[in-house]
Amino acid sequence: MDKPSTAAKKLPKVIVFDVNETLLDLESMRASVGKALENRAELLPLWFSTMLHNSLVTTVTGDYHDFGKIGVASLMMVAKNNGIELSEGEAKTAIVTPLLSLPPHPDVVPGLKSLNKQGFKLVSLTNSSNNGVKTQFENAGLTHFFQARYSIEDIQIYKPDLRAYRWALAQLGVQPDEALMVAAHGWDVAGAKAAGMQTAFIARPGKALYPLAPAPDYVVDNVTELAEILQQAKGR
């Protein structure tokens, strides 16, 4: 994947991180969800895309449900559509327990340490619930790196709706171009860019940018690489 030039970019006042897949490794949850789907690994991307699709349905219709419930419902849909018997309880067990104890990717802790040392304000913005992210950060040992955690639960509007990013910017008291959104999802960086934010795409394995969206300001392989680029930019 081609990486855009980092020349003459405005350093952000705040760096906003997505959480799942961007910071936390979903491999353990993939295993439990895969087992619930009778070990049909090819259905895992379908489950995640169905979950995202249904979160946007709740935003458009105004019928809000938290992300965990949407994940369970979406898993049951995928199972039913593929002739797999799966109860609500089984779907919940496959998702909720492993989701709360995901480990960080290996690059995350050193990358966040570097960003903290450089003096950047770090916050998170996620589609997951407030309590869920609090528990995730505690279990992953990430709490102390962040000055705030924001969840769309407070406004019941899911990313990538532009209102979700604008709400977060209002809480932070910064202009869109003063904030850098970091995510491993093409749809997330597309939404943030459309809201006027700087964006960084973490090119985790199996993740791609949306070709029809404007290019992000940074494309990096991991958080450590992003920290190194910003360190170099501060030294110019």
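**Stop 1: the nonpolar cores**

Select Phe 17 and Leu 142: among the 72 residues of the largest nonpolar core, these two touch the most other members. A nonpolar core here is a set of buried Ala, Val, Leu, Ile, Met, Phe, Trp, Tyr and Cys residues joined through side-chain atoms within 4.5 Å. Buried means under 20% relative accessible area, with a 1.4 Å probe and protein chains only. Before you go on, note that this is a predicted model, where local features need pLDDT of at least 70 and side-chain atom pairs count only at pLDDT 80 or more, while totals for chains, interfaces and linings use all residues. Residues are numbered from 1 along each chain as its sequence is written, and side-chain values use heavy atoms, leaving out hydrogens and water.

Now show the neighbours of Leu 142. Leaving aside residues up to four places away in sequence, Leu 142 touches Leu 23, Leu 24, Pro 104, Val 108, Val 109, Leu 112 and Phe 137 (contact means heavy atoms within 4.5 Å). Then pick Ala 183, Val 189, Phe 201 and Val 219, which belong to a second, separate core of five residues.

**Stop 2: helix H7**

Next, select residues 162-172, which make up helix H7. Helices (H or I, at least four residues) and strands (E, at least two) are DSSP runs, numbered from the N terminus. Which residues of H7 are buried? They are Ala 164, Tyr 165, Trp 167, Ala 168, Leu 169 and Leu 172. Just after H7, click on Gly 173, which has a positive phi of about 70°.

**Stop 3: the largest pocket**

The space in the largest pocket is about 520 Å³. On a 1 Å grid over the protein atoms alone, a pocket is an open set of points where a 1.4 Å probe fits, with protein on both sides within 12 Å along at least five of seven lines; lining residues have an atom within 4 Å of a point. Colour H2 (44-61), H3 (67-81) and H4 (88-99): each supplies at least two lining residues, and H4 gives the most, with five.

Terms used:
Grid points are joined across faces, edges and corners, and a volume is the space filled by probe spheres set on the points. Buried means under 20% relative accessible area, exposed over 50%, partly exposed in between (1.4 Å probe, protein chains only).
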